[in-house]
Amino acid sequence: MTPEQRQQLVARVLQNMKLVLKVPADDICNDKLYSHYIDSVIYMVLTYCAREDMPQELEHLLVRMAIQLQKSGLEPQVSQISRGDVSVSFSSQESSYNATSGAGGADFLNNYVKQLNNFRKLRW
């Protein structure tokens, strides 16, 4: 996949991701963050499938994967609430990231193995 093709793919997935998340197309404040999630997902899929190209059929799966990665990475989990003198503690994003959805690396990819196996190439 050439850098131009990758950039076009990221743009298409970003557009669809915003559509699913109901983010206005002209709202670009989170585009860099969304693009980072999309790039991460593309890398994971290409590596797992041992491919240099991205089949168009996988674009909808990329959107779902990027959204799951975005949701699991941005929403910190409340770890403790105190009511006297009001105190709320959040767990670190890294620990909630892995604990809540299994996101991150192989655990994250395991949620999509069945769909990805249809596009996987054998390595010799």
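Ala-25 sits in the loop between α1 and α2 (helices are DSSP runs of H or I with at least four residues, strands are runs of E with at least two, and both are numbered from the N terminus). The model here is a predicted one, so local features need pLDDT of at least 70 and side-chain atom pairs count only at pLDDT 80 or more, while totals for chains, interfaces and linings use all residues. Residues are numbered from 1 along each chain as its sequence is written, and side-chain values use heavy atoms, with hydrogens and water left out.

Ala-25 has a relative accessible area of 69%, so it counts as exposed (exposed means over 50%, buried means under 20%, and partly exposed is in between, with a 1.4 Å probe and protein chains only). The C-alpha atom of Ala-25 is 7.1 Å from that of Gln-15, a residue 10 places away along the chain. Lys-22 belongs to the loop between α1 and α2 as well. With a relative accessible area of 76%, Lys-22 is exposed. Its backbone deserves a look too: phi of Lys-22 is near 60°, a positive value in a residue that isn't glycine. Most residues other than glycine have a negative phi. Ala-50, found in the loop between α2 and α3 (59-74), also goes positive, with a phi of about 55°. Ala-50 is partly exposed, at 25% relative accessible area.

Two packed helices are described by the angle between their axes and the distance between the axes. For α1 (residues 3-21) and α2 (residues 31-49), the axes come within 9 Å and cross at roughly 115° (axes are lines fitted to C-alpha atoms, for helices over the stretch in contact, and angles run from 0 to 180 degrees between N-to-C directions). The contact takes in, among others, Leu-9, Val-10 and Leu-14 of α1 and Ser-35, Ile-38 and Ile-42 of α2 (contact means heavy atoms within 4.5 Å). Sorted by type, the residues of this contact come out as 11 nonpolar, one polar and four charged (Ala, Val, Leu, Ile, Met, Phe, Trp, Tyr, Cys and Pro count as nonpolar, Asp, Glu, Lys and Arg as charged, and the others, Gly among them, as polar). Ser-35, in helix α2, is buried at 19% relative accessible area. Setting aside neighbours within four places in sequence, Ser-35 touches Val-10 and Leu-14.

Apart from neighbours within four places in sequence, Tyr-112 is in contact with Leu-61, Arg-64, Met-65 and Gln-68. Met-65 is 47 residues away along the chain, yet the C-alpha atoms of Tyr-112 and Met-65 are separated by 8.2 Å.

What about the cysteines? Cys-29 is exposed, with a relative accessible area of 61%, whereas Cys-49 is buried at 0%. The disulfide count comes to zero (a disulfide is a pair of cysteine sulfur atoms within 2.5 Å).

Finally, the chain as a whole. The protein chain has six helices and two strands, running α-α-α-β-β-α-α-α from the N terminus. Of its 124 residues, 34% are buried.
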